[in-house]
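Thanks for asking me to look this one over. My comments are below as numbered points, to be read alongside the sequence and coordinates.

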Amino acid sequence: MLHILASLLLTPTADAPASRLAVIQPAPGFALTAQDGKALKSTDLKGKVLLVSFIFTTCSGSCPATTSRMVQVQQELTRQGQLKDGRVHFLSITLDPARDTPDKLRDYLKLYDAEPATWSALTGSADDVAKTVQDWGMWAKPAANGQLDHPSRIFLVDPRGRVREIYHLGFLKPAWVAEDVQLLLGEK
Amino acid sequence: MHWLQLSRRLVLLPLALLGLAALLVRAPLQAETCLSPFVKRLEGPEKLLYVFCVDADAKDNDFLAVIDVQPESPKYGEIIYQLDLGSAGNETHHFGYTDDRTHIWGCSLFSSKIFIIDVATKPEQPKVVKIIEDIPGKTGFTAPHSPYALPGRMLISFLGAKDGGLPAGLAEFNNDGSFIRRIDQPKEAPYGYDVAVKPDLNRMVTSSFTPLNNYKKPMAQMDFKNFGKELTFWDFRERKPLQTLTAGLAPLECRWSLKEKANHGFTNCALDHSIWVWEGDQSGKYSVRKLCDTGKLPADLRQSPDDRFLYVSCFGSNEIQQWDVSDLKNPKLASTIVPGVHPNMMHLTGDGKRMYITNSLLSTLDRANTFWVRLAHVGPDGMKVDPFFHVDLNKFKTGPARGHDMLLR
């Protein structure tokens with residue numbers, strides 16, 4: 001029900017602004033648990049620019065680089081003064097809820113020096129996480145090396161709840177992401 | 001520095017190094033060189049080869065053939081499954097994987113349909129999950145040509161406008177097939193064909209062919225003055241054209257150098273019988289020049305993973321040439337094979353050691369009477385045709401089929 005409601009609220013309108021960042025799709029909703037143990041819903045973040053990644057804390061593949069690069073974006077936005085008014089928020093959604101408890105995720109953010117005031121790492125029940133992962137068009141499956149195989153995508157969501165860019169590690173320069181965030185913050 | 005911070009950094013450092021090492025180890029094992037750089041690489045050697053097939057007389061449904069390519073398999077080199085696409089006369093042409101390699105997008109040049117095919121759920125028995133119809137109504141273009149993966153979405157180059165004429169252009173779709181936007185080409189480059197992105201340089205290049213109204217005619221009636229010569233260079237993030245240059249007639253495939261930050265690339269000019277190179281300078285401007293003359297009608301172009309060789313299929317002279325382009329001032333013909341009549345599409349494995357080959361170009365241009373899939377091995381002494389690998393595409397219940405593009409799983 002929450003997802004349907006969120007999708008209705010976030011459906012793009014026909015008068016989307018002409019921008020180099022096209023409206024790719026409505027950002028799916030979610031209702032999960034953050035690293036502080038408190039519930040966090042997508043509607044709690046309404047009006048913010050979001051940078052959303054999918055990781056797991058024991059990943060030795062692309063996740064460390066993804067989180068590290070997102071921290072660089074957070075630092076760049078902090079340097080530019082873009083994070084002062086809480087209009088930008090970072091999300092790391094686990095692909096491995098069985099292992100990634102709120103405590104583990106809190107430690108994970110500390111490990112990467114992520115500033116927790118503007119960064120939520122999310123977990124939840126296996127069903128809730130699986131639904132969120134699927135709704136975002138993501139997936140994770142066991143790999144031969146014991147890790148999880150998963151796509152490398154980082155989603156940029158505008159204040160109206162629409163995905164406006166999807167980054168790949170091979171095309172994620174912190175300065176470029178900061179420019180994109182500024183562009184979205186400047187839209188009316 | 002507080003001891004807690006220090007200990008955290010001591011933990012973080014090996015983890016970051018581990019991640020970096022993993023990325024470095026993976027770097028040479030990237031996906032096949034012809035695919036978008038955003039596509040996941042294949043884990044291990046290929047097991048299946050997918051071939052997009054046109055029913056030769058266009059009376060029966062087009063299909064995707066699944067070929068077993070595991071040398072240890074008792075069915076090695078056999079067609080193990082046919083996916084019926086549900087309609088005829090599409091002129092099924094080019095393939096492209098989504099970024100996560102779970103779905104193939106197959107484009108059709110006559111019907112303008114795009115078939116989205118799930119190859120992850122049951123790779124040996126793929127399934128059509130969606131057919132994007134009314135492409136002209138959605139995009140204003142006809143003849144989707146190159147399906148090119150971007151993160152979480154697909155970029156498609158088109159050969160023409162809604163009425164089958166010009167101008168051509170580009171469009172983006174979600175991975176679920178929803179239309180996102182169209183991208184117009186500059187007026188000075190009205191033709192369309194291929195697209196390729198160089199992410200580290202934030203550059204994209206597009207090339208030129210001829211629109212539906214022309215290539216749908218029998219070859220004798222085609223207007224060979226109605227083909228483009230233009231290459232357009234774009235700011236990729238802005239999707240904004242920066243510069244258009246003139247190459248030889250009909251520059252088709254666009255292949256950026258695979259080396260990071262290397263600001264050059266190659267195209268095969270089919271009606272100029274040559275390969276051209278584009279090069280960017282320090283000021284950001286590009287120039288283009290003929291690199292070498294090739295055999296007749298170079299129809300497809302591929303690259304070795306080490307960026308040293310180009311492979312060009314010369315449809316008109318029945319050969320595939322391997323060019324050493326490590327010195328851009330002095331390209332050298334390294335080896336040549338004749339795999340059969342009118343070789344066209346090639347698909348080089350990610351390790352650069354095997355090349356699968358088909359021999360249909362377009363039903364209006366094909367002159368061969370028999371169609372096949374063959375294999376060449378690539379080694380230090382060049383290419384060699386495998387005499388034991390021959391997939392016959394002529395004995396289906398529906399008659400012969402023209403095999404065109406291929407992908408590996």
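**Notes on the two-chain model**

1. To begin with chain B: 50% of its 409 residues count as buried. Please keep in mind throughout that this is a predicted model.

2. On overall dimensions, the C-alpha atoms of chain B fill a box of roughly 80 × 55 × 45 Å along the principal axes. The radius of gyration of chain B is 21 Å, which agrees with the value near 22 Å that a compact globule of 409 residues would have. As for secondary structure, chain B holds three helices and 28 strands. Of the contacts in chain B between residues at least 6 apart in sequence, 49% join residues at least 24 apart.

3. Now to confidence. The model has an ipTM of 0.91 and a pTM of 0.93. For chain B the mean pLDDT is 93, with 93% of the residues at 70 or more. The stretch to watch is residues 1–29 of chain B, where the pLDDT is below 50; even so, this stretch has 19 contacts in the model beyond near neighbours in sequence.

4. Which residues touch the most other members of the largest nonpolar core? In this core of 117 residues, they are B:Tyr50, B:Val51, B:Cys53, B:Leu64, B:Ile67, B:Leu310 and B:Met355. Taking B:Leu64 as a case, its contacts outside four places in sequence include B:Tyr50, B:Val51 and B:Cys53, as well as B:Leu83, B:Leu85 and B:Ile117.

5. At the interface, 21 residues of chain A are in contact with 27 residues of chain B. On the chain A side, helix H2 (63–79), helix H3 (102–111) and strand S10 (162–167) each supply at least two residues. H2(A) gives the most, with three residues. By class, this side of chain A has 11 nonpolar, seven polar and three charged residues.

6. H3(A) deserves a look of its own. Its buried residues include A:Leu105, A:Tyr108 and A:Leu109. Just after H3(A), A:Asp113 takes a positive phi of about 60°.

How values were computed. Residues are numbered from 1 along each chain as its sequence is written. Chains are lettered from A and ligands numbered from 1 in the order in which they are written. This is a predicted model: local features need pLDDT of at least 70, side-chain atom pairs count only at pLDDT 80 or more; totals for chains, interfaces and linings use all residues. Two residues are in contact if their C-beta atoms, placed from the backbone, lie within 7 Å. Helices (H or I, at least four residues) and strands (E, at least two) are DSSP runs, numbered from the N terminus. Ala, Val, Leu, Ile, Met, Phe, Trp, Tyr, Cys and Pro count as nonpolar, Asp, Glu, Lys and Arg as charged, and the others, Gly among them, as polar. The radius of gyration is taken over C-alpha atoms; the globule rule is 2.2 Å times the number of residues to the power 0.38. A residue is buried if 20 or more other C-beta atoms lie within 10 Å of its own, exposed if 12 or fewer, and partly exposed in between; C-beta atoms are placed from the backbone. A nonpolar core is a set of buried Ala, Val, Leu, Ile, Met, Phe, Trp, Tyr and Cys residues joined through C-beta atoms within 7 Å. pLDDT is the predictor's confidence in each residue, from 0 to 100.
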